[in-house]
Amino acid sequence: MQRVFSGIQPSGIPTLGNYLGAIRNWVGLQSDHECIWCVVDLHAITVFQDPKALRQQTLEMAATLLACGVDPQNHILFAQSSVRSHVQLAWIFNCVARIGWLNRMTQFKDKAGKDRENASAGLYVYPNLMAADIHAYHATRVPVGDDQRQHLELANDIAKKFNFDYGVEFFPQIEPLILGPAARVMSLRDGTKKMSKSDPSEQSRINMNDDGDAIALKIRRAKTDPEPLPDAVAGLEGRPEARNLVGIYAALAETDHASVLQDFGGKGFGTFKEALAELMVEKLAPINNETRRWLDDEGSIVRILQAGAERAAAIADPIVAEAERLVGFIGLQR
Ligand code: TYM
């Protein structure tokens, strides 16, 4: 059975983009993979997080994942900072990855923006930690949204260079799993920008804890163009907002763009948005209720994360100890 690893940052409330681009696909993989799911709090602090809020957001993220169907019994759910091996391997990867490789990372450029000099050093080496997350488990499949594609290519380059430098075949290549019609959910205000937890505009995203009224309002206000929906996928060309809403509908209905257009082609956005809001509420309301149920029992979330960390460390620690031995560390402190 192939081992799967994926992570999500507790840097805010998870969005519909996180759900459709990642979490829902995670759950689907659990039937025939050995899965390791990680709330990546070390990654979150590459941008300052209020300590109290970070703790709460970590618990809320775990609660959302559990509510979406992540199975902590047959698979592993834990917080990244609880397993030290991630940081230890990340340091080695900081020394394997080249500055030129990191300079090409588009996400750093997006996140650091114009004030690059003032970004944290952690934000710059963020992809090396992400590579360490995956390689510490010798995971071979990584389900993510489309925005993480470049980071996974870098993780493969790091594995290749480590193997070459030390003359070993130690870290395997990983296969990105970028699945479904909503691998890149866009902002509701601008169809060319990714939907993101950290977008200052609340109206740009659906939060996983939005209630039915908030969802209906945000969808009604979502930016569109004046034309009716096209009959075929080719007609979505040059219409990013229309493509985005059709993709979201397709993902929620577990179908594809073409069959959504079969039903709604020729109809105006008024009708389509109403159907979309209704479908979204139907799919998200049970998750929202289940998340709240988990949050009423914080103790059991903490116990799940504790047990998950122990099981994760049992896999990662020997792999990272071997990487350290290959590098030439004397390794007496473990
Ligand atoms: P993060 O927390 O930004 O997002 C978590 C997952 O959600 C996906 N995603 C989206 N998918 C579609 N449309 C969107 N608008 C959208 N926004 C987010 C992301 O692609 C991701 O799969 N660096 C990662 C976390 C990470 C990780 C890892 C992932 C750390 N270590 C190791 C995989 C393997 C991140 O910031 O995800």
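User: How much accessible surface does the protein have, and what share belongs to carbon and sulfur atoms?

Analyst: Accessible areas come from the Shrake-Rupley method with a 1.4 Å probe, and for residues only the protein chains shown count as cover. Here the accessible surface comes to about 15600 Å², with 51% belonging to carbon and sulfur atoms. The model is predicted: local features need pLDDT of at least 70, side-chain atom pairs count only at pLDDT 80 or more, and totals for chains, interfaces and linings use all residues. Residues are numbered from 1 along each chain as its sequence is written, and side-chain values use heavy atoms, leaving out hydrogens and water.

User: What are the dimensions of the C-alpha trace along its principal axes?

Analyst: The trace spans about 70 × 45 × 40 Å.

User: What part of the protein is buried?

Analyst: A residue is buried when its relative accessible area is under 20%. Of the 334 residues in the protein, 51% are buried.

User: Which residues does Lys273 touch, and where is Lys273 found?

Analyst: Contact means heavy atoms within 4.5 Å. Setting aside residues up to four places away in sequence, Lys273 touches Ile219, Arg220, Arg221, Ala222, Thr224 and Leu245. Lys273 is found in helix α12, residues 269–295 (helices are DSSP runs of H or I, at least four residues).

User: How far from Lys273 is the nearest side chain of opposite charge?

Analyst: A salt bridge requires a side-chain nitrogen of Lys or Arg within 4 Å of a carboxyl oxygen of Asp or Glu. Lys273 is buried yet has no salt bridge, and the nearest side chain of opposite charge, Asp225, is 9.7 Å away.

Technical notes
Helices (H or I, at least four residues) and strands (E, at least two) are DSSP runs, numbered from the N terminus. Buried means under 20% relative accessible area, exposed over 50%, partly exposed in between (1.4 Å probe, protein chains only). Lys and Arg count as positive and Asp and Glu as negative; His and the chain ends are not counted.
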